[in-house]
Amino acid sequence: MKRTWRTTAFLGMVVLAVAVAGAAPAFAQGLPRNQTLYIAGFQWGPANHFNPLAPNAAWPVGGNGNPDQQAPGYVYESLFLYNIVDGRFEPLLAREMKWVDATTLRIQLQPGTRWQDGKALTARDVAFTFQLAERFALGYSSFWQYVKSVKAVDDRTVEIALDPAKPNRPLVEQYVATVMILPQHIWGPLADKGRAELMQFTNLKPVGSGPYQVQSYSAERIVLQRFEGYWGKSLYGMPTPKYLVHPIFKSNDAGNLALKQGDVDWSQQFVPQVWTLHNVQTWYDKEPYYIPGSIPLMIINVHKKGLDNVQVRRALAYSIDYALIARTAMSRYSEPAKSSLILPTGVESQYFDEQLVEQYGWKHDPKKAVQILEQELKAKKGPDGIYVLPDGTRLSFTVQTPYGWTDWMAALQVVSQSAKQVGIEVRTDFPQAPIVSTNVQNGNFDLVLWYVSQVGAASPWTRFRDVLDDRGVPPIGQQAFQNYGRFSHPDVAGLLDRAASAGSPEQLKEIYGQLDRIFMENVPAIPLMYRPLLFYEFNTTHWTGFPTSQDPKAPPMFYISVLRLVRPK
Amino acid sequence: MTYLRRYIVSKALWYALAFVVAMGLNFLLPRLIPGNPVDALIAQYLRSGGQGEAASRVYQAFLQEFGLDEPMGQQFVTYVGNVLRGNLGTSFSFYPARVTDLIAQALPWTVALQLPAILIGWILGNLLGALAAYKGGKFDRTLFVGALAVSSIPYYAMAILLLYFLAVVVPVFPVAGGYSFGLSPNLSVGFIVDLIQHYTLPFLSLVLIAIGGQAVGMRSMAIYELGADYVNYASGMGVKENTILRYVFRNAMLPQVTGLALSLGTMVGGALITELVFSYPGIGYLLFNAISLNDYPLIQGVTLFIATAVLLANFLVDLAYGFIDPRIRAVQMGER
């Protein structure tokens with residue numbers, strides 16, 4: 001009797017275990033797969049708020065003015081979307097923008113724009129959104145460094161008047177294409193209570209103007225549901241997926257596995273060897289697979305002994321094996337980096353000047369590096385194989401980048417090995433990100449791999465300013481927010497200002513050429529590789545119709561326009 | 001009764017002192033990590049270009065909001081004041097979530113994982129240990145060696161082994177997370193099954209080791225008790241075997257109760273690595289994130305919470321002993 005009972009119990013447990021293990025997929029009826037698009041790679045922690053004005057806003061809101069963090073047009077809409085392939089502005093809330101004179105930008109809204117709560121979206125909401133950044137210190141407050149006023153001329157028309165002292169047209173256009181417009185009737189009363197009140201507003205049921213609403217969110221995922229009352233229904237058509245789900249993975253590996261298995265349809269994650277994944281495609285079907293969007297720069301502290309000598313910086317630049325970095329650290333997702341602050345492909349390519357790079361730039365050439373060290377610098381190799389300058393400075397430096405930025409860490413390993421081969425010691429140091437941040441801003445580094453402005457409507461202007469402009473940059477030891485290497489050159493400020501108000505592309509190309517030459521002759525930083533603005537890859541098991549370089553109906557961005565193109569399979 | 005009261009009061013005072021020290025350390029330790037948390041917040045926030053004076057305005061605004069522009073002494077006073085009012089502040093990295101809310105979200109996962117693991121591990125372990133000691137022979141030897149082996153595996157190694165064999169080699173259970181991302185939490189059968197699936201491996205990694213550890217401890221205690229004079233005396237007097245066993249079990253249990261109370265106290269922070277291995281939501285995972293992001297208020301909040309739980313559990317154990325065992329009370333009061 002006892003034995004039978006035991007056997008039954010044991011069998012029962014086995015049955016239960018098998019049931020638990022096997023039954024879940026059958027029970028797990030979630031959202032209908034053919035109406036649900038899974039997106040990943042933007043959100044890595046629980047959704048705490050959907051406030052675009054505060055830091056770390058959850059997907060799809062992101063930070064206002066930060067195109068790489070937001071999903072523009074899903075819930076909140078910007079006036080335009082910027083196409084990083086052809087440089088055009090796609091209309092969204094606005095129909096067109098026009099420079100009526102050198103310092104006045106007039107923007108015309110689309111007819112019938114409406115908030116999801118039914119109230120009309122007018123030019124006053126647009127003006128209000130931009131004015132918020134004048135009243136308070138917000139992420140897009142820099143807009144007001146170049147602007148005098150923003151006002152609603154009538155219901156449909158907004159006028160932005162630039163500061164005649166420093167008119168910066170590209171930068172203003174960039175903000176116009178990235179700032180998401182907020183309803184004044186909801187945010188106005190909050191703003192009147194002060195900055196803290198505004199920033200700490202969690203906005204858990206965001207009222208936007210886009211075709212999606214936040215349906216639910218948890219520590220595991222965020223779900224958006226299509227909003228059928230979208231104002232732009234007849235103008236643009238509705239996006240195809242009824243639900244958008246952003247699962248929140250704790251690691252890249254989990255997310256990549258899901259993409260590989262078709263559980264994620266559209267991803268913004270670094271996937272190693274993406275070409276090996278079945279059914280997974282990117283923008284290009286061959287190397288480098290993605291359009292470059294930013295240049296991770298090894299920034300040089302030009303005040304450190306040894307690195308204050310431009311010949312040392314040049315020798316270092318010649319020593320690095322850029323092709324090896326592109327092949328290994330970047331998993332072939334980059335061409336070997338050129339010695340220019342301008343991206344050679346995509347929208348910036350119109351300013352890129354190959355000849356200039358040949359003439360003034362550098363490339364991987366260890367012999368040339370040694371020649372500079374021995375003949376021009378008269379450096380002598382020490383017993384440890386490291387060169388020492390005539391004044392006794394041993395060419396030994398430390399390079400930092402945050403721990404966990406694996407591709408960047410790998411790139412620096414290559415730098416370290418390449419430099420060592422010619423006789424310069426570059427030691428790597430990988431502290432936690434907040435520490436590197438503090439070091440970078442205070443100039444507490446020899447070399448640091450860090451990011452500068454990415455491709456956008458105002459690039460490469462913003463990148464030249466980030467690297468070369470010393471206006472308003474405090475000395476080492478105090479906090480800087482640009483030009484971390486504290487480089488300085490008398491011609492830069494004038495050239496940047498001329499570029500900011502330049503009329504024609506030819507004129508711009510000429511000015512950028514001069515800036516690029518200053519960059520190459522002085523080596524305040526070394527481009528190591530190119531990185532896509534967003535990793536854009538999709539699995540066609542459940543959804544198709546994503547734009548690619550062969551079918552470029554939309555840029556490789558996570559814009560709402562793509563969601564109007566996709567189709568269930 | 002006055003002795004008992006004096007005992008309780010003196011214990012309470014000691015624990016209050018320990019709590020104050022813990023609070024001071026909580027405040028100080030995160031601030032010894034190099035780097036400024038606002039720097040990290042800003043780096044993300046100002047990604048879009050166009051920096052200069054606007055950036056330093058933003059920076060100042062955040063320093064002020066978090067009170068980091070004040071001198072350390074002032075910050076400490078504010079912190080203590082807030083803690084006493086039950087306000088653990090606003091998290092930097094999950095801005096603007098309240099630290100108390102974040103802990104409240106993570107706590108159920110940790111408790112649901114740990115409490116059953118500790119209790120089941122304790123009950124089964126003790127039963128098995130007592131049984132082994134009583135039965136002896138082959139059963140004892142097999143069980144003892146097995147339990148010893150299992151209990152000497154670090155629990156994170158066990159977690160990785162289970163993950164490897166049951167989720168990767170034979171993919172019976174999911175690799176990570178609290179539940180599948182395709183589901184939203186609800187009370188349907190499907191969701192609960194999914195929840196249990198995700199729960200199984202982290203739970204097993206904790207409970208197996210708990211069983212092993214408890215069994216080894218209980219076995220030794222029981223063997224010691226079985227050889228005690230009162231057992232010989234009782235069996236000589238012809239007391240029924242079951243009754244003797246009950247006495248043996250009860251006596252051997254005393255130190256095991258202490259162990260249980262302490263593991264309940266450390267429960268909150270105890271499963272840190274298990275949570276990391278399985279990406280299982282919980283306090284350990286929260287603390288790990290907070291530390292890597294330099295999130296002072298969140299680190300302070302979580303560690304204070306853990307410290308409080310441990311102190312409280314110890315205090316309760318002390319009190320319980322004061323009641324249960326007069327010998328301990330007497331020693332504590334210096335009356336022996």
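Student: Where in chain A does P288(A) lie?
Tutor: In this predicted model, P288(A) sits in the loop between β12 (280-281) and β13 (292-294) of chain A.

Student: What makes the peptide bond between E287(A) and P288(A) a cis bond?
Tutor: Omega is about 0° for the bond that joins E287(A) and P288(A), and the bond is classed as cis.

Student: Which residues does the cis peptide bond with an omega of about 5° join?
Tutor: That cis bond joins W59(A) and P60(A). P60(A) is in the loop between β1 (36-40) and β2 (80-82) of chain A.

Student: What is noted about the phi of N483(A)?
Tutor: Phi of N483(A) is positive, about 45°, although N483(A) is not a glycine. R486(A) is another residue other than glycine with a positive phi, in this case near 55°.

Student: Where is R486(A), and why does R486(A) count as buried or exposed?
Tutor: R486(A) is in the loop between α14 and α15 of chain A. Its relative accessibility is 7%, and therefore R486(A) counts as buried.

Student: How many residues separate P490(A) and V347(A) along the chain, and what separates their C-alpha atoms?
Tutor: P490(A) and V347(A) are 143 residues apart along the chain, and their C-alpha atoms are separated by 29 Å.

Student: What makes strand β17 (residues 396-400) of chain A mostly covered?
Tutor: Five of the five residues of β17 are buried. On one side these are S396(A), T398(A) and Q400(A), and on the other F397(A) and V399(A), so both faces of β17(A) are covered.

Student: Why do side chains of a strand fall on two faces?
Tutor: Because side chains in a regular strand alternate between the two faces of the sheet.

Student: How do you know that β17(A) pairs with strand β18 (residues 425-429) of chain A?
Tutor: Pairing needs at least two bridges. β17(A) and β18 have five bridges in the parallel sense, so they pair. Within this pair, F397(A) stands opposite V426(A) in β18(A).

Student: What is the hand of the β-α-β crossover from β17(A) to β18(A)?
Tutor: The chain passes from β17(A) through α12(A) to β18(A), and this crossover is right-handed. The term applies because, with the strands pointing away from the viewer, the path from the first strand over the helix to the second runs clockwise.

Student: How many bridges link β17(A) to strand β19 (residues 447-450) of chain A?
Tutor: There are two bridges, in the parallel sense. The requirement is at least two, so β17(A) and β19 count as paired. V399(A) stands opposite L447(A) in β19(A).

Student: Which UniProt annotation covers residues 89-455 of chain A?
Tutor: The unreviewed UniProt entry gives "domain: Solute-binding protein family" for residues 89-455 of chain A. In the model that span is 30% helix and 21% strand, and its end C-alpha atoms lie 14 Å apart.

Student: What does UniProt list for residues 111-134 and 196-216 of chain B?
Tutor: Both are among the residues that the unreviewed entry lists under "transmembrane region". Residues 111-134 of chain B are 100% helix, with end C-alpha atoms 34 Å apart. Residues 196-216 of chain B are also 100% helix, and there the end C-alpha atoms lie 29 Å apart.

Student: How many helices and strands does chain B have?
Tutor: Chain B has 15 helices and zero strands.

How values were computed
Residues are numbered from 1 along each chain as its sequence is written. Chains are lettered from A and ligands numbered from 1 in the order in which they are written. This is a predicted model: local features need pLDDT of at least 70, side-chain atom pairs count only at pLDDT 80 or more; totals for chains, interfaces and linings use all residues. Side-chain values use heavy atoms; hydrogens and water are left out. Helices (H or I, at least four residues) and strands (E, at least two) are DSSP runs, numbered from the N terminus. UniProt positions are given in the numbering used here, feature names are shortened, and annotations may be inferred rather than shown by experiment. Buried means under 20% relative accessible area, exposed over 50%, partly exposed in between (1.4 Å probe, protein chains only).
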